[in-house]
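Reader: I'd like to go through this complex with you, one part at a time. Could you start with how confident the predictor is?

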Amino acid sequence: MSTDSAVWPSTGLASRPLVDTLHEWITTVDHKRLGILYMAYALLFLVVGGIEAAIMRVQLLRPHNDFVSPQVFNRLFTMHGTTMIFFVLMPLAFGFANYLVPLMTGARDMAFPRLNAFSFWLTAFGGLLLYFSLIGANGLYGAGNAPDVGWFAYAPLTSKTFSVGHSTDFWTLALLVSGFGSIGTAINLITTILCMRCPGMTLGKMPLLAWLNLVMSGMVILAVSPLTAAQLMLLVDRYLGGHFFDTQAGGSAVIWMHFFWIFGHPEVYVLVLPAFAFASEIIPVFSRKAIFGYPVMVAATICIGFVAMSVWAHHMFTVGLSSNANTFFVLSTMAIAVPTGIKIFNWLATMWGGKIEFKTPMLFCIGFLFQFLIAGLTGIMLGAAPFDWQLGSSYFVVAHFHYVIVGGILFTTFGAFYYWFPKMSGKMYSEALGRLHFWLFLIGFHLTFDFMHIPGMLGMPRRIYTYEPDRGWDIWNLVVSIGVVFQTLGIGFFLTNLIWSYFRGRVAGSDPWDAWTLEWSTTSPPPAYNFASIPRVKSRRPLWDLKHPDDPDWKYE
Amino acid sequence: MQWEYSARGRVAMFGLIAAEAAIFTIFVVAYIFYIGKSLTGPTPKDVLSVPIFYTICLLSSSVTIHVAVKALSKGNVRGFGAWWLATITLGTAFMYGTVTEWHRLIYQEGLTISKNLFGTTYYSLVGLHGFHVIVGLVGLSMIAILTLRGNVRTAHAERVDVFSLYWHFVDAVWVVVFTVVYVLGR
Amino acid sequence: MNPTNIFAPVSTPADSIFGLSLFVLGVTAAIFAVVFSLLVYSVVKFRKRNDDDGREPPQLYGSNQIELAWTVIPVLIVVALFVATARVIASIQRAVPSRNAIEVIAIGHQFWWEYRYPGLNVVTANELHVPLSDPDHPTPTLIKLLSADTDHSFWVPRLAGKTDLIPNHPNSTWIDPHETGLYLGQCAQYCGTQHAKMLLRVYVQSRDEFDRWIQEQGQPAVLNDAVSQGRRIFETTACINCHTVAGTVANGRFGPDLTHLMSRDTLAAGAVANTPENLRLWIGNPEAIKPGSLMPSMGLNEQDLEAVTAYLETLR
């Protein structure tokens, strides 16, 4: 059991053998350490997934390029998507949730610390299993290698007929295993949030981050399970001669799509809700105002959670569903724009009348607001089904979802890293390096993903390893690829900042941002037991109340 | 609303049940979708026989487990043990029924998981449920062993009750599976 | 002029989508303008000044009226967008097929397109010919979409939105192009290694030209004694297992129909131009043109390769 309050392996004081420190980290059940393990794991795979993307963009620099073969390219886009969603974004979401939820709700740890550790290691193992495919299987040409069926693995391409060998099985099993880890963490989060809040913290007084993680966890339980079911069915088809998706035996390829997207769409809301959580904590602090419309933000979140379960077939508009079905899914897709838009307005209203400080976390959140707005609007375009009949499965969609994931989620996650880095490490990061990261990444992001919309509108489909020179796509692909350079530099400065600042940063103290939620009331980094004594709260901003005893929140809301 | 620390196990079990319910729902949807769509081979009407007796066994085990938990919460460890063993017996009987049914279907009727869509969906759905029964039986047995060793006391009633929620869930799933497979689908 | 621009429609489905897209783009542009302005304004106006007094600004926790306003307005916008969209869905998906429609069955294969004109007794591959449609007296082409293996998608942006070809799930689409010309597209649903080179070429011709094309395509293969050696090699090697040449013993269905191969501009589903050099290369070593395609290298020696190429060159 850990009694050491240091978060990272100890440096300088050469008192403990490395093997002891490693053992401590591997056997930890402390939510803060598990959170950091998740984050470190995610950053590692962010680099790997980024390299996969970079290679693809080199291949697509010009038409009929031969930097990589079609087989390698098809594996690259499959691995890139699978890695980024399951082994970067999910671990980031769970990592921050793990670290922050107990601290922000005044608890000492998660409800089930051992389940917590087990869930992390399941996820971690899943990622390793996926990459083991590169070396792990032998067999026919193309059979003993990374999966190449796309991250949504449509049937019947995944049947034994069209996917010989075991590459598809690595995809299936890696996600099956990490899916169990995700469900475990979701159950843990729900239980922690419902049962372990500190005295005085009713559900209506807990930070929005806790609400967003609560709804996210509920969605994980309802969404990852269908994927688990579909993958079990795929394994039955591939190994027991089953016919779930076997069109030759009367099976349906479309039903795989339904099952996958019943997972896939809520999944993207699972990924975005934590991003909303970060924005909801960072924007108020750097605007020096309470979040505008807390109850409405909660209601909108719950609304999004429900409606998100009903929009999945907007990924299937081109599949040949009936006009009634298509029309229904247009309605539900457009409807979800309402609570989502409300959130954007509430964040703007939080800034309105405030005193905005442009520290690095806030820079990234402002970028998020701008980019998430655009992403939402291109989503509305795609939600108009006939428009999707042109834009779907094209680079317009690729641009749209990267706008959400990179421009929205990754930007707020960077913000979260900078915002809570002082709490986790006890040191301040370099503001100069942070700005460099922001501007470089912003430029790179826009070069790549703004211009990526255009080839889509000019007819360029996704998942093609090369393209024809007579389509007018050349210049746009060139610009898109150039953006990668800037993004890479930005990430480089980010990682450098994290590492350098951990060793050389200024001491941060417990509350460097003059913030208002409970995690800032304890030391940086917090001790293993989080709080010397369990806090008792009276409002949504306990530290505001302490700092403004004449004007506490509980007088007003 | 302030929930209690001691409700953790119950909340977590409901979370697990929700996840499992979602998985089963997808298998049930697949089963219903493929009713009547097999291109060949035996149909449900041809080969299925309704397992009334074994269903009664399984559903009764929900009653026995409930009585068992009640007994334990009142301090009657021996009564708890007896009703608990009854639950295991009834659950095992159900599995025996499934095994014999499958043996007949495979060796006499030629219905395998690869025969046709009916075979695939039937064995997957009933098999998934049976797997969950087996997991439940394993858990029940572990608690039975601990009881026989004298480790289980009234203080554990809450936790045993949480476990029994899983068993009730497994029985509830059987109600759905039974209806879909033996009533609707035949 | 970009050949695959979704904003340059020449056929009714693409036209309807274009009209809807203008409306949607207009609405989203307006929303963007408003929200973006608010964002810029708040970032500029409410930034912390250098001469700040260090006091916290007034804390405003919310406002029910404002929340109501920015709920109601988006709901109205959603309703407008939904109604506009629903109408276009109906107009495209529920269009009543005209009695003058040309019927085509398109079958997707890894990695080529098979076209059958059931009413006109024509089977061809990769290059689809359709008649021009006069808006006053429409002669649309109704395309039934099937698949022989995995999922594909038929996307020729200037003619219509894309519709998928899914095994055991027949779909259909329709086009009524009102300008002659060649329209390009490609498979838009990942279908395996050579998904990228499953290109689409749709030739919209005047009615006369189309009828003539149909007539020519309906003829059995040209018989030319000068290439009988190549023909013999073709008919005695595995070629006939996959390919059909009408009027000969070759009637394989796995690969494209070659009866009128020389009437096509391209080979390998648009991958390369149909020249003798490319044809020779394709037969000799398909991997050089389309690595991962399902046409195996036939392992012919130089002489046989020359002969077979010469034979195929006569199949006009």
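Author: Chain C averages a pLDDT of 96, and 100% of its residues score at least 70; pLDDT is the predictor's confidence in each residue, from 0 to 100. For the complex, the predictor gives an ipTM of 0.96 and a pTM of 0.96. This is a predicted model, in which local features need pLDDT of at least 70 and side-chain atom pairs count only at pLDDT 80 or more, while totals for chains, interfaces and linings use all residues. Residues are numbered from 1 along each chain as its sequence is written, chains are lettered from A and ligands numbered from 1 in the order in which they are written, and side-chain values use heavy atoms, with hydrogens and water left out.

Reader: Okay, how many residues does the contact take from chain A and from chain C?

Author: The contact takes 98 residues from chain A and 85 residues from chain C, where contact means heavy atoms within 4.5 Å. About 7,800 Å² is buried between chain A and chain C, and carbon and sulfur atoms give 67% of that area. Buried area here is the accessible area (1.4 Å probe) that two parts lose on being put together, summed over both.

Reader: And how many salt bridges are there between chain A and chain C?

Author: The count between these two chains is 4 salt bridges, a salt bridge being a side-chain nitrogen of Lys or Arg within 4 Å of a carboxyl oxygen of Asp or Glu. Lys355(A) and Asp53(C) meet through their side chains in a salt bridge, at 2.9 Å from N to O. There are also 39 residue pairs in polar contact between chain A and chain C, both at pLDDT 80 or more. A polar contact is a pair of N or O atoms within 3.5 Å; within protein, one must be able to donate a hydrogen and the other to accept it, and residues adjacent in sequence count only if both atoms are side-chain atoms.

Reader: Which helix of chain A gives the largest share of the side that touches chain C?

Author: That is helix 9 of chain A, with 16 residues; helices and strands are DSSP runs numbered from the N terminus, helices being H or I with at least four residues and strands E with at least two. By class, the side of chain A that touches chain C has 56 nonpolar, 27 polar and 15 charged residues. Ala, Val, Leu, Ile, Met, Phe, Trp, Tyr, Cys and Pro count as nonpolar, Asp, Glu, Lys and Arg as charged, and the others, Gly among them, as polar.

Reader: Switching to chain B, what does its interface with chain A look like?

Author: That contact takes 37 residues from chain A and 32 residues from chain B, and the two chains bury about 2,700 Å² between them, 75% of it on carbon and sulfur atoms. Cys195(A), His243(A) and Phe244(A) supply 20% of the area that chain A buries against chain B, more than any other three residues. Across this interface the rule finds 0 salt bridges, together with 6 residue pairs in polar contact, both at pLDDT 80 or more. Helix 5 (167–195), helix 6 (208–240) and helix 7 of chain A are the elements that give two or more residues to the side of chain A that touches chain B. Helix 6 of chain A provides the largest share of that side, 10 residues.
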